[in-house]
Amino acid sequence: MKAAIFDKPGMENLKIKHDVEQPKITDYDVLIRVKMAGVNPFDHVTISGTREIKPLPHIPGAETTGEIEKIGEHVSRLKKGDRVIVYNRVFDGTCDMCLTQSEMLCRNGGPLNTNIIGLVTNGGFAEYIAVPEKNAFKIPDDMQCELAASIPTTTLTPYHALKQTALKIDEFLVIFGASGNTGMMATQLGKKMGAKVIAVSKQNWIKDFGADYIITDYERVAEKVNELTQGKMADVVLNSLGIQTWENSFASVGLNGRWVTFGGLTGADVKLNVQSLYSKQIRLIGSTGGNRKEFTELIDMSKELKTRVWKKFSLDEAKEALQALFAKERDGRILINVS
Ligand SMILES: [Zn+2]
């Protein structure tokens with residue numbers, strides 16, 4: 001089969017090969033013919049080799065949608081021809097985390113935050129991928145591939161994060177990087193949960209995704225939030241941009257507010273004054289990925305979700321697709337159209 005594959009870490013080592021062996025399935029696996037793959041900064045991390053990669057040579061790609069080609073003997077929920085998306089956490093299903101709907105934190109899935117299909121197993125930048133049946137979920141016939149390839153990471157991550165904050169109707173939700181991959185999904189989900197969404201973004205189109213207000217000046221976010229909420233400040237702030245926006249994002253949180261993150265794009269070491277934390281009774285919340293229940297909830301609400309695609313590449317152009325992630329003019333998702 002054809003695949004984007006590297007035998008040692010480094011983008012320069014990523015090659016398109018036509019004679020890669022098709023993955024074998026066990027009795028409990030399904031073989032998926034990949035249709036489309038989402039491209040994320042995480043795939044860049046995988047190829048750079050800063051985390052432990054298995055196996056080598058390695059096929060990256062953590063966001064995958066396709067069609068079932070073959071099923072193992074003990075597979076009962078899925079059949080050949082089903083369109084599916086891949087829940088990309090490696091988990092055993094039996095530890096205390098898995099049993100309490102925290103599969104992404106599985107104690108036996110590998111070191112924290114590395115238990116990801118595409119990192120510790122081969123991923124979806126290939127014509128075929130094999131995954132356990134428990135990782136594959138059927139999607140509606142009319143669900144577009146572009147959205148399907150955006151559920152496993154790009155939508156599940158902010159969905160879980162917002163659920164962690166127990167966001168309520170009419171609360172003010174401030175989203176940093178609202179027009180980014182996860183940001184545009186967070187904006188839609190926040191709106192669906194009934195919040196008043198304040199998008200911090202330079203893109204006006206985020207209004208079409210449910211933003212009630214847009215703040216374009218990253219230097220004056222707290223000041224603007226103060227104006228928009230008439231001094232109340234935000235009930236929930238979602239900020240995964242890291243240190244560069246930390247001060248403005250924390251200063252935007254109001255009484256009994258929640259500040260949530262699932263990333264630290266510009267750096268993770270921030271300074272916190274504990275008095276400002278306890279005096280307003282603020283809760284700081286860390287969030288990673290999401291669970292399978294939330295995954296299926298997203299499939300159920302897929303009719304009401306959309307994504308903005310910037311560019312689609314072919315599998316032959318996998319390297320260009322990964323490099324395009326860092327293009328200044330990028331304005332929407334990057335996807336790989338595999339077949
Ligand atoms: Zn587990």
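## A proline loop

Pro55 lies in the loop between helix 1 (41-48) and strand 4 (63-71). Helices (H or I, at least four residues) and strands (E, at least two) are DSSP runs, numbered from the N terminus. This is a predicted model: local features need pLDDT of at least 70, side-chain atom pairs count only at pLDDT 80 or more, and totals for chains, interfaces and linings use all residues. Residue numbers start from 1 along each chain as its sequence is written.

Lys54 and Pro55 are joined by a cis peptide bond, with omega about -15°. Pro57 is also found in the loop between helix 1 and strand 4. A cis peptide bond links Leu56 to Pro57, with omega about -10°. Most peptide bonds are trans.

The loop between helix 4 (151-164) and strand 8 (172-176) holds Ala166. Ala166 is not a glycine, yet its phi is positive, about 50°. Asp170 is found in the loop between helix 4 and strand 8. Its phi is about 75°, and Asp170 is not a glycine either.

Ala166 has 13 C-beta neighbours inside 10 Å, so it counts as partly exposed. Asp170 has 8 inside 10 Å and therefore counts as exposed. The cut-offs, with C-beta atoms placed from the backbone, are 20 or more others within 10 Å for buried, 12 or fewer for exposed, and in between for partly exposed.

## Two domains

Domain 1 covers 3-150 + 307-337, and domain 2 covers 155-286. These bounds come from an automatic or database domain assignment. Their centres, taken over C-alpha atoms, are 29 Å apart.

Contact (C-beta atoms, placed from the backbone, within 7 Å) involves 6 residues of domain 1 and 4 residues of domain 2.

Methods. Contact = placed C-beta atoms within 7 Å.
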